[in-house]
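Student: Hi! Could you walk me through this one?
Tutor: Happy to, let's bring it up.

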Amino acid sequence: MNASSPDGPLISLSGVTRTYPVGGSHVHALDGVDLTVRAGEYLSIMGPSGSGKSTLLHVIGLLDRPDTGRYLLDGRDTGTLPDREQAALRLHHIGFVFQFFHLIPRLTAAENVALPLELAGVDAAGAAARVHQALAELGLEDRAGHRPDQLSGGQRQRVAIARATIMQPGILLADEPTGNLDRHSGAEVVELLEELNGRGIALLVVTHDPVIGERARRRIRVEDGTIVSDNGAGS
Amino acid sequence: MKTRRQARFALRAVTASRLRSALMLLALAIGVAAVVVLTALGEGARRYVGGEFSALGTNLVIVLPGATETTGGPPPIMGVTPRDLTVQDAIALSHSRAVERVAPVAVGIAPVSRGSREREVMVLGTTHDMLSVRHLTMAAGRFLPPGDPERGDPVAVVGDTIRRELFAGKNPVGEWVRLGDRRFRVIGLLADTGRSMGTDLDQVVVIPVSQAQALFGTPGLFRVILQARGRDRVEMAKADAMRIIAERHEGEADVTVITQDAILATFDRIFTALTATVGGIAAISLIVAGILVMNVMLVAVAQRTPEVGLLKALGATPRRVRLLFLWEAALLSLAGAACGLALGYLGVAAIGQFYPGFPVAVPPWAAGAAVAVSGTAGLAFGVWPASRAARLDPVASLERR
C-alpha cells in the first residue's frame, strides 16, 4: 500500500464493538477492541471458536461494520464511507484468503485470478499478462486453464492467494488458510504467505492451529470479543 | 468490469447451469412462439377473408331490400313490410352512368330431380351479367344467355356437386332436369370453385331470374348486385342506387346499399382486433415465463450466494453485482426470444405446408412485440433477484457453503 502517512499505523481500531442478535439476546462478538497494525507486520489472531477473531478479521477487511468505535485504514476513517468506496478500498488495498478457497467453480484458475482486475477495469491484455506472471510465480502456469475441481487443495489455495494479491494490496487477511488442507500443503501455503509478508505486505492470519500461530512475530489472543494478550502491542 | 466482460461472465454463469437455463429458455421460447403462431393465424384469417371478398368480384355495390336505419317513435303495430326489390328496379339501376353491370339475384330452395334421383338445392335466379360480376368460371357449356331479364328460357347452369349426384359424374350439358314442376335444359357446368363466402357454388342451380320468380311465385329479389365502372365510381354508384330506388319507390329509399369495400373494411377491423386479442392472450404466457425467469434467477442467487459474498469481498460494488445478474436475465431473455421466434416461424411454415390455401403470415409488429415483451418480462422479473443479490451481506454469504 502506498501509505499516505509512512509513519502512521496501517490499521487502527479503537473501542470497536460489534454485537449480533442471537435468539432474542445480543452477543458481543467484539467488545471494545483496540488494535494497531503497522505496514508489513505479521500477526496471528488466535482464540477459541466464537471468540470474535473472525469478526475482527471481517471488520478489518471492511466486510462488516463496527457498531461503535473507530476504524482508521491508512489514516482514513472508514465508518463514514459509503458501500461503493468501501468496495473500492477492498479492491485495491485488501486481499482475502479463505479456509474454503472460494474459487468460482465454472471459471478457470486464470479467470479466477483475473476477477479483481476485471472489477478494477484493467484492460484484457494487461490483465492477462499480470495473471500469467502471478501464476508463474506460484508455479501454477501449467494449471492456468484448469477449473478448481481439477486442482488439488494446495493448488486451489495458491490460486486464491494469487487472486488476493493480484492487485498488490497492502493487507492480506487469511481466515484459517490451512484449515482445509493436509499438513504438507498447509505448510507450503504458510510459507507462501510468509514470503509475501517478506515483500512488505501486512499479513493477518486467523487460526486455530498453535503451530501456525506461533510462527507470527506478533501474536494476538482473542476471548469473548476482547484482546486478552498481544505480545507486540504498542511496539 | 467492461460491458463485454460482464456479458461474458454472465454467459459463463448461464451456461454453467444448463438445465435451469434450458428450462427458462423453453418457457420464454414457448411464450414467444405462441404469440408468433397465434397472431399469424389471426393475420391469415384476415387475409383469407380479404381474399375471398376480392374473389367475389371487384367494385361491387350490393342493394338489399328494406332500410336498416332506425326510426323514432313507437314500433308500428302491423310492422313495416318494405316494398319488394324487383327486376324492374334492377333494370332502372343499370341506367346509372356509374354502373357497369347489374345482376339481380333471387334465391330459393327447391327440389331438383333427374329420373329417380332427387335432392334439395339452392336455386339462384339471375342474369347473364352475373358471370362477370362474380368472376364465375365455366367448366363446360355456357352461362345464362344475355337478353331481356324479364324473359328467360327454361335453362339451367349447375354446380359440380349436382353433376356428381344427379348425373353420376357425366357431362350434364344438354340433359334435362326437373326443378319443382318445371323442366330445365342444362346448358352449362360451373367450375369447381369450392366455398365462396358461405355459398357453396358447387351445390347451386342457376336459372334465369324470371324463371326463378315464377318457380317461387314472388316478384321480390333477394338482392341486386351492381358493379361500378371503377373504384372511384363506387360511392357514386351507391348514391345513384339510393336516388333511383327512391324515385321508383314513391320517394322512399327503402333499400340498404352496402359496398364491398365497407364490408371488407369491417371484416378487416374485426380480424385485426381478433389478432390483437389472441396475441394479447399469448402474451400472458410471456408474463408467466417472466415469473419463471424470476423464480430461476432467485434460485440462481440463492445457489451462488457464496459467490456473491466473494465478489463483494474482492471489491465488487452492489451495483456491479446487480448488473451481473441482470446481464444473466437479459441474455436468457434474448436467447429465449430468438428460440421462440425460430420456433414460431417454423410452426407458421408448417401450417403453411399443411394448409396451402390458408394465407398464414406473421404480422411484422407481432414478432417485434413478442421479442420486446419477452425481453421486458425477463429483465423486469430479473430486477428483484438481482437486487436481492446486491443487498446480500458479504460475511453471511461467504459462510454459506
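Tutor: First a definition: helices (H or I, at least four residues) and strands (E, at least two) are DSSP runs, numbered from the N terminus. This is a predicted model, where local features need pLDDT of at least 70, side-chain atom pairs count only at pLDDT 80 or more, and totals for chains, interfaces and linings use all residues. Residues are numbered from 1 along each chain as its sequence is written, while chains are lettered from A and ligands numbered from 1 in the order in which they are written.

Student: Okay, how many helices and strands are there in chain B?
Tutor: Chain B has 12 helices and 12 strands.

Student: And what percentage of chain B is buried?
Tutor: Of its 401 residues, 43% are buried (20 or more other C-beta atoms within 10 Å of the residue's own; exposed means 12 or fewer, partly exposed in between, with C-beta atoms placed from the backbone).

Student: Which residues touch the most other members of the largest nonpolar core?
Tutor: Val32(B) and Val36(B), in a core of 131 residues. Such a core is a set of buried Ala, Val, Leu, Ile, Met, Phe, Trp, Tyr and Cys residues joined through C-beta atoms within 7 Å. Helix H2 (residues 18–55) of chain B gives the most to this core, 15 residues.

Student: What does Val32(B) contact, leaving aside neighbours within four places in sequence?
Tutor: Its partners include Leu286(B), Ala337(B), Leu341(B) and Val371(B); contact means C-beta atoms, placed from the backbone, within 7 Å.

Student: Switching to chain A, which residues of H4(A) are buried?
Tutor: Ala127(A), Val131(A), Ala134(A) and Leu135(A) are the buried ones. They sit on the same side of H4(A) because they cover an arc of only 95° around the axis, taken from the directions from the helix axis to the C-beta atoms.

Student: What covers them?
Tutor: Helix H3 (109–120) and helix H5 (153–165) of chain A are included in that cover.

Student: And which exposed residues are on the face turned away?
Tutor: That face of H4(A) carries Ala125(A), Gly126(A), Ala129(A) and Gln133(A). Just after H4(A), Gly139(A) takes a positive phi of about 65°.

Student: Last topic: how many residues does the contact take from chain A and from chain B?
Tutor: Chain A supplies 21 residues and chain B supplies 20 residues. On the side of chain A that touches chain B, helix H2 (83–93) and H3 of chain A each give two or more residues, and H2(A) provides the largest share, 6 residues.

Methods
Two residues are in contact if their C-beta atoms, placed from the backbone, lie within 7 Å.
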